[in-house]
Amino acid sequence: MEKQKYYLTTAIAYTSGKPHIGNTYEIVLADSIARFKREQGFEVYFQTGTDEHGQKIEEKALEAGVSPKEYVDKIAETIQGIWDLMNTSYDYFIRTTDDYHEKQVQKMFKKMYDQGDIYKGFYEGMYCTPCESFFTESQLVDGKCPDCGREVQPAKEDAYFFKMSKYADRLIEHINNHPEFIQPVSRKNEMMNNFLLPGLQDLCVSRTSFKWGIPVDFDPDHVVYVWLDALTNYITGLGYDVDGNHGDLYEKNWPADLHLIGKDIIRFHTIYWPIFLMALDLPLPKQVFGHPWLLQGDGKMSKSKGNVLYADDLVELFGVDAVRYFVLHEMPFDNDGVISIELMVERINSELANTLGNLVNRTISMSNKYFGGIVEDKQVTDDVDEDLKAVVVGTIDKVASKMDQLRVADAITEVFYLFKRCNKYIDETTPWILAKDEEQLDRLSTVLYNLVEGISIGANLLYSFLPETSEKILSQLNAKKRTLEELKSFGLYESGTRVSDKPEILFARLDLQEVLDKNHEIQVAKGNDGEVEDDSVIDLEPKDEILYDDFMKMQFQVGEIIACEEVKKSKKLLCSQVKVGSKVKQIVSGIKAYYTPEEMIGKKVMVLVNLKPAKLAGVLSEGMLLCAENEKGELALVVPEKDMPSGAEIC
């Protein structure tokens, strides 16, 4: 019987720099899904890769004094190395600089142009470089950018545009008829209410202001802009051909069963990508899952914030499977997760070292101490055995149900509940007391058999998430790898089998201070090796010195955002109601690209409260929220390190 196919992809990683653990989480999540699908009997094709074109990369290469291709070659090698380090079982690693991909993108662009989906036009207006946005004269505020207040310059750029509105109604109908298409549901509602229903604007699909991209072959002054280039990797990687001469992989695997992506690029995958596919007359992917972010502390990880954790450093500290466990288990289905070294140490000690490692160690040690390592089912049972068996054999259905819903963290929780039940069984049966009574030795043998069998089933279930640990446990128990169907039966561990003479410590308990010291040594060593990560520091041109009296004229206080909404006439502005002491100030800020109104509410922020009121995009602003900005123009709110009351003075 032919296996059912399952085609799974991650978003392709952007080659502007080394991926942090938040980026790496996605490939590990995808790997756990791919491994479990294989266990379920699917023929899985798992694709990942790198997105290698764009202005940012062109600029990075120029700064590094190398060609863009040399630059992306190095970063792509780094990314693939981290994916391999994390023991991910992808089948194909595509690069958007691959010749086949580039040629197919050119043919797709031409096909869309010839059938009238793409037309040539231009941007024209007053251009704000930091915001990378054009504005009309009427949109300016006091002759300056309505979003950031900076100077603007007249500019014009030729570009090709895609007629998104042509396919919008068809996409809305598809989403309404396929409720599983966008997951979680909150992402679907966001796409419908914020983008599709209000009406789609035509999408720019070419640029002339930089050269590092796939040339539009019939108009070589233009390069194909990022999303048409990057998104199509999901079909070019399978051998899709615009002329119809598709490869076998495409014929077998398309449409994709799952695109696994970060929530920040859900719009591109659920609006632009389906519309491109409609233009090509191709089936749409079955599901797009926008997973949440892995945050460091209370903010998104970024090099400019100095809060970046990297997978290779964490592996050096904790090992591959410990890192896999943390990122998979600590990420909720629909909310952001939090990572820190302190939290990792706590979880490793409590769950991996104690719940799992100690269970395996105790069971093997008792088997060796009492029976020379021979595990034998004497079938001397008690009522407590039945509850253990019911929990153990019932776990597979619970795990499968959670995995079918992509609730990976919940699936791991079910496996660890099995291990916790085994630990409870030890307390209930007290093997050390049974061992003191010769008449109870057969009962003791049965208890240890039940423990070994329970752990064996749990270790099999653990394989999709912690493959190396699963294999180590099964090896120490001399247990066989089983099918998922076999995990529904208790008693398949062969009675009379000998376990390992000495149990291997799976996860040692960690001392937090020792781990922090080791991490410091790792970072210092990297610095001594001359490795400097992109964006780790920013040097600014110094402004004129000011007197202390000048500084004292400015009044800074802690404010609490109690309400926030988008400014209708602006693409960049949010309008916040900020409680400062007993007063409420209305403050307009150009941070819409980095925060949603919902994320703003409840934040304690730093406010310049005595700034002269001004109108931005026609809305009165009575102060300024303090933000940090990196060289890419990305903003992050400056917040108090500790919880401070609204109105507290900043001095």
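Me: How many aromatic pairs does a search of the whole structure find?
Reply: The search gives 21 aromatic pairs. Keep in mind that this is a predicted model.

Me: Take Trp-227 and Phe-268. Stacked or tilted?
Reply: Stacked, because the ring planes of Trp-227 and Phe-268 are at 10 degrees, under the 30 degrees that stacking requires. The ring centres are 3.9 Å apart.

Me: Where in the chain do those two sit?
Reply: Trp-227 is in helix 7 (residues 226-231) and Phe-268 is in helix 10 (residues 266-279). They are 41 residues apart, and the pair links distant parts of the chain.

Me: Phe-268, buried or exposed?
Reply: Phe-268 is buried, with a relative accessible area of 12%.

Me: And what about the rings of Tyr-325 and Phe-416?
Reply: That pair is tilted: the planes are at 50 degrees and the centres 5.0 Å apart. This one also links distant parts of the chain, with Tyr-325 in helix 12 (residues 320-329) and Phe-416 in helix 15 (residues 408-429), 91 residues apart.

Me: What are their relative accessible areas?
Reply: Tyr-325 has 2% and Phe-416 has 3%. Tyr-325 is buried, and Phe-416 is buried.

Me: How many residues of helix 12 are buried?
Reply: Nine of its 10 residues, so helix 12 is mostly covered. The buried residues include Asp-321 and Arg-324, along with Val-320, Tyr-325 and Phe-326.

Me: Which residues form an aromatic cluster?
Reply: One cluster is formed by Tyr-7, Tyr-45, Tyr-234, Trp-254 and Trp-273.

Me: Which charged ends sit over a ring?
Reply: Lys-18 has its charged end over the ring of Tyr-310, 4.6 Å from the ring centre. Arg-207 has its charged end over the ring of Tyr-225, 5.2 Å from the centre.

Me: Back to Tyr-7. Which way does it point from strand 1?
Reply: Tyr-7 points one way together with Lys-5 and Thr-9, while Tyr-6, Leu-8 and Thr-10 point the other way. Both sets are buried. Strand 1 (residues 5-10) is mostly covered, with six of its six residues buried.

Me: What is strand 1 joined to?
Reply: Five bridges join strand 1 to strand 3 (residues 43-51), and three bridges join it to strand 12 (residues 258-262). Strands 1 and 3 run parallel, and strands 1 and 12 run parallel.

Me: Which residues face each other there?
Reply: Lys-5 has Glu-43 in strand 3 as its bridge partner. Thr-10 stands opposite Leu-260 in strand 12.

Me: What does Asp-385 touch?
Reply: Leaving out residues up to four places away in sequence, Asp-385 touches Val-380, Tyr-425, Arg-443, Thr-446 and Asn-450. With Tyr-425 there is a side-chain polar contact of 2.8 Å.

Me: Now the backbone. Which peptide bonds are cis?
Reply: The bond from Gln-183 to Pro-184 is cis, with omega near -10 degrees. The bond from Trp-254 to Pro-255 is cis too, with omega near 10 degrees.

Me: Where are those prolines?
Reply: Pro-184 is in the loop between strand 8 (182-183) and helix 6 (185-196). Pro-255 is in the loop between helix 9 (248-253) and strand 12.

Me: Which non-glycine residues have a positive phi?
Reply: Among them are Asp-142, with phi of about 55 degrees, and Asn-478, with phi near 55 degrees. Most residues other than glycine have a negative phi.

Me: Where are they, and how exposed?
Reply: Asp-142 lies in the loop between strand 6 (133-135) and strand 7 (153-162) and is exposed at 73% relative accessible area. Asn-478 is in the loop between helix 18 (467-477) and strand 18 (497-498) and counts as partly exposed at 48%.

Me: Last one, the whole protein. How many helices and strands?
Reply: There are 21 helices and 28 strands. The radius of gyration is 29 Å, close to the 26 Å from the globule rule for 651 residues, so the protein is as compact as a globular protein of that length. Buried residues make up 51% of the 651 residues.

Technical notes:
Residues are numbered from 1 along each chain as its sequence is written. This is a predicted model: local features need pLDDT of at least 70, side-chain atom pairs count only at pLDDT 80 or more; totals for chains, interfaces and linings use all residues. Side-chain values use heavy atoms; hydrogens and water are left out. Rings of Phe, Tyr and Trp (its six-membered ring) pair if their centres lie within 6.5 Å; planes under 30 degrees apart count as stacked, over 60 as edge-to-face and the rest as tilted. Helices (H or I, at least four residues) and strands (E, at least two) are DSSP runs, numbered from the N terminus. Buried means under 20% relative accessible area, exposed over 50%, partly exposed in between (1.4 Å probe, protein chains only). A charge sits over a ring if NZ of Lys or CZ of Arg is within 6 Å of the ring centre and within 35 degrees of the ring normal. Two strands pair if DSSP finds at least two bridges between them. A polar contact is a pair of N or O atoms within 3.5 Å; within protein, one must be able to donate a hydrogen and the other to accept it, and residues adjacent in sequence count only if both atoms are side-chain atoms. Contact means heavy atoms within 4.5 Å. The radius of gyration is taken over C-alpha atoms; the globule rule is 2.2 Å times the number of residues to the power 0.38.
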